[in-house]
Amino acid sequence: MADELMGVGVSAFIAPTPDQLRHQWLSVLERQHPSAGKRQVNFVPCEVVLSHCASLLMDHSKYGSGSAHRAEFPVQHLARLFKRPPTSILAKMANLDGTRSNGGRFELEVAARLGDVEMLQGVYLRILDMARALGIDPDELPDFLGIEGTSLIELEGQYELDSSEIERSRPSLPLCG
């Protein structure tokens, strides 16, 4: 789909409208697995956000191209749903944390902005809600953060940090988009 339909800009990742999410998910659902040697389509914003969320649960750096098929939950679920090899999901995780070059245009900023737990929770739940509305069930897309139907994400140790520590740990990124 055209960038205009995807609403490409930082807001398409962190504050997508229902229409943007619907178009993003429809493009994923209509996608075919790429033929051998054929280039994959670009990740749409909801795939990027879900890949980021998955990276919060596992260490993607433990897997290379030869071991990607053994990657931990939820990599295999996302790979099947997105019609991509597990190596693509792991590479996207590396793009988002800055350990791999040549990431997407907004990925480092998106990952930094999703350090805000409330923002992360909100966009994750909107992505899941639209997926469910389009018939993607929990077997295809599990609630791997375990917050569907709850009111809060709790990260281990989050109450031990004060806001100045969190701000110091964030990379400084130029705002764009």
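**Talking through the model**

Tutor: Let's start with Ser88: apart from neighbours within four places in sequence, Ser88 is in contact with Gln40 and Phe43. Keep in mind that this is a predicted model.

Student: OK, and where is Ser88 found?
Tutor: Ser88 is in helix 6, residues 86-97.

Student: Is Ser88 buried or exposed?
Tutor: Buried, because its relative accessible area is 10%, and the cut-off for buried is under 20%.

Student: You mentioned Phe43. What sits over the ring of Phe43?
Tutor: The charged end of Arg84 does, 3.8 Å from the ring centre. Lys92 also lies over the face of Phe43, at 4.6 Å from the ring centre.

Student: Which side chain does Arg84 meet in a salt bridge?
Tutor: That of Glu47, at 2.9 Å, N to O. The pair links distant parts of the chain, with Arg84 in the loop between helix 5 and helix 6 and Glu47 in helix 4, 37 residues apart.

Student: Why does Glu47 count as buried?
Tutor: Because its relative accessibility is 0%. Arg84 is buried as well, with a relative accessible area of 4%.

Student: Which residues are linked with Glu47 in a network of salt bridges?
Tutor: Arg31 and Arg84; together with Glu47 they make up the network.

Student: How many residues of helix 4 are buried?
Tutor: 11 of its 11, so the helix is described as mostly covered. Among those buried residues are Pro45, Cys46, His52 and Cys53.

Student: Let me zoom out. How many helices and strands are there in the chain?
Tutor: Nine helices and zero strands. Along the sequence that reads α-α-α-α-α-α-α-α-α.

Student: And how much of the chain counts as buried?
Tutor: 43% of the 177 residues. The accessible surface comes to about 9800 Å², and carbon and sulfur atoms hold 51% of that.

Student: What share of the contacts comes from residues 24 or more positions apart?
Tutor: 61%, counting the contacts in the chain with a separation of 6 or more.

Student: Back to rings. How many aromatic pairs does the structure hold?
Tutor: Three. One of them is Trp25 with Phe82, a tilted pair at 6.5 Å centre to centre with 45° between the planes. Trp25 is in helix 3 (residues 18-30) and Phe82 is in helix 5, so this pair links distant parts of the chain, 57 residues apart.

Student: Are Trp25 and Phe82 buried or exposed?
Tutor: Both Trp25 and Phe82 are buried.

Student: What about Leu26, where is its place?
Tutor: Leu26 is in helix 3 too. Leu26 counts as partly exposed, because its relative accessibility is 28%. Its C-alpha atom is 9.3 Å from that of Ala131, which sits 105 residues away along the chain.

Student: Switching to backbone: which peptide bond is cis?
Tutor: The one from Phe73 to Pro74, with omega near 5°. Phe73 is in the loop between helix 4 (45-55) and helix 5 (75-82), and Pro74 is found in that loop as well.

Student: What kind of surface patch does Phe73 form with Leu56 and Leu57?
Tutor: A nonpolar one, with about 270 Å² of accessible area for the three together. Phe73 itself counts as partly exposed, at 43% relative accessibility.

Student: And what's the phi of Lys83?
Tutor: Positive, about 55°, although Lys83 is not a glycine. Lys83 sits in the loop between helix 5 and helix 6 and counts as buried at 17% relative accessibility.

Student: One last topic: how many salt bridges does the structure hold?
Tutor: Seven. Another one joins Arg113 and Glu109, with the closest N and O atoms 3.0 Å apart. These two are about one helical turn apart, because they are four residues apart in helix 7 (residues 107-113). Arg113 is partly exposed at 33% relative accessibility, whereas Glu109 is buried at 5%.

Student: Which residue does Glu148 form a salt bridge with?
Tutor: Arg132, with 3.2 Å between the closest N and O atoms. Glu148 is in the loop between helix 8 (117-133) and helix 9 (163-169), while Arg132 is in helix 8, 16 residues apart. Glu148 is partly exposed at 31%, and Arg132 is partly exposed at 21%.

Notes:
Residues numbered from 1 in each chain as written. Predicted model: local features only at pLDDT ≥ 70, side-chain atom pairs only at ≥ 80, totals over all residues. Heavy atoms only, no water. Patch = residues over 30% accessible without salt bridge, like charges linked within 9 Å, V, L, I, M, F, W, Y side chains within 5 Å. Areas by Shrake-Rupley, 256 points an atom, 1.4 Å probe, with all protein chains shown as cover. Salt bridge = Lys/Arg side-chain N within 4 Å of Asp/Glu carboxyl O. Buried < 20%, exposed > 50% of the residue type's maximum accessible area, 1.4 Å probe, protein only. Contact = heavy atoms within 4.5 Å. Phe/Tyr/Trp six-rings, centres within 6.5 Å; stacked < 30°, edge-to-face > 60°. Lys NZ or Arg CZ within 6 Å of the ring centre and 35° of its normal.
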